[in-house]
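Welcome! Take a look at the protein below, and then we will walk through some of its features together.

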Amino acid sequence: MRVLPFAWLGVAVATGVGCQPSVDGFMAERITIALAPVQGEHAILRYHPDALPGLPAALERALVSRDVTVELMPYGAVRDFATRLDSADIYVWLPDPSGNGTPLEQQHALAEWLDAGRGRQIHFHWGAGTMGADGRPGEHLDRYDAVYLNALAIDYEELDRHQDAAIALLRSGLVHVTTPAGTNLSLEVGGRPFNKQNGDASRRRIASAAMRIDREIELPAGVIRVAPVETSVNGTIVVPSARFADGEAKQLTLTINGGVVTAVAAASGAGVARAALEREPALGHFRELGIGFNPMLRSLLDGAWVPYYGYGEGIVRLSLGNNEELGGDVRGSGVRWFFFPDATVRVGHAALVEDGVLVRLPHVSGFGGLLELVRN
């Protein structure tokens, strides 16, 4: 990754006389605001020297200016990692173009650290979040950098209000998800917790975390995620094209009954899809519903790839596999996402997403107001 020009960035950045505006400084400040660090905290910053090389130092300066102790730690093997992690309050994943800079034992240590409530982390994955609609990695084109930078400069209070209204609506009844390609799925959220990625990684917010991923805050922000009651999930998911290790399935149709995939069909490549599900049995179960709310992450870049994990406004994510981190009941190995930029999501007569366009819900106070909206 490169240091980027600022001509297209719709944010104001303070600069000195004669100085080039600093993209690194803007990013570092956004991360610091999200963390709302407390004096005396200890932060570990993981970084790759070839990815946004000025960002680690800029973030270190921003945190140190708020009396935070900072430990810069390149990706890869680390001696006594778990011990060093135990002394930290904050852990930040900066971009890692290799995608494999965190060994498995470090990932396990991080999971235990989060589960114990000892700290919070920010994922700033950048290009790794550029995906195909079939959930496989996409190509992070240069022009996506501009999209991601602008996606950091949104109205976070408005994002939070809209997410809260959507969560209340989704809790109020049977949810239907449909797409022009043929997806027709129903599910119930029940009392399952929602993960709300609103860009708030403060200690105060993390104190109310209901599950591990509530302590894993993403930038750019924008999605709400939930593992619905598994036995309530029924219908079909239709994916126009899905890549697998052994090939590609066209017009893939997954039939789901009670949260379990009971049939796999396709115009071509059904066998490779079935083989993938058989290799990882967790993929035979519905995992989660995700809906994006970030207005700057819409998939408007000639449809090539889905920006940042489908966090864009109106993008729907349906997935299969293990949902333990979301508070669900599916265990085992394997997770597979599918993204739908043209879906419709309804609860009763109320639409949350209409043909890929997010509906602006009224900011009602309390559950009863949205129940009335659904009935009407």
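## Before we start

A salt bridge here is a side-chain nitrogen of Lys or Arg within 4 Å of a carboxyl oxygen of Asp or Glu. This is a predicted model, so local features need pLDDT of at least 70 and side-chain atom pairs count only at pLDDT 80 or more, while totals for chains, interfaces and linings use all residues. Residues are numbered from 1 along each chain as its sequence is written, and side-chain values use heavy atoms, with hydrogens and water left out.

## The overall picture

The protein chain has 9 helices and 18 strands. These are DSSP runs, numbered from the N terminus: helices are H or I with at least four residues, and strands are E with at least two. Of the 376 residues in the protein chain, 54% are buried. Buried means under 20% relative accessible area, exposed means over 50%, and partly exposed is in between (1.4 Å probe, protein chains only).

## An open sheet and its helices

In which order do the 8 strands of the open sheet stand? The order is 12-11-10-6-5-16-17-18, with antiparallel pairing. Strand 12 (260-265) and strand 18 (357-358) are at the edges with a single partner strand each, so one side of each has no neighbour in the sheet. Two strands pair if DSSP finds at least two bridges between them; strand 10 (residues 234-244) and strand 11 (residues 247-257) have 9 bridges, in the antiparallel sense. Ser241 is opposite Lys250 in strand 11.

Helix 6 (residues 156-171) packs on the sheet, and its direction makes about 125° with that of strand 17 (350-354). Helix 8 (residues 270-279) lies across strand 10, strand 11 and strand 12, at about 155° to strand 12. For these angles, axes are lines fitted to C-alpha atoms, for helices over the stretch in contact (heavy atoms within 4.5 Å). The angles run from 0 to 180 degrees between N-to-C directions.

## Salt bridges

Side chains of opposite charge can pair when their charged atoms come close. How many salt bridges does the structure hold? There are 23. In one of them, the closest N and O atoms of Lys196 and Asp160 are 2.7 Å apart. Lys196 lies in strand 7 (residues 194-196) and Asp160 in helix 6, so this pair ties together parts that are 36 residues apart in sequence. Lys196 counts as buried at 16% relative accessibility, while Asp160 counts as partly exposed at 22%.

Arg225 and Glu325 also meet in a salt bridge, at 3.4 Å from N to O. Arg225 is in strand 9 and Glu325 in the loop between strand 14 (316-321) and strand 15 (335-340), 100 residues apart. Arg225 is buried, with a relative accessible area of 8%. Both residues belong to a network of salt bridges that also links Arg287, Glu288 and Arg317.

Asp214 sits in the loop between helix 7 (203-206) and strand 8 (216-218).

## A buried loop residue

Ile154 lies in the loop between helix 5 (143-151) and helix 6, and is buried at 16% relative accessible area. Its C-alpha atom is 7.8 Å from that of Met296, 142 residues apart along the chain.
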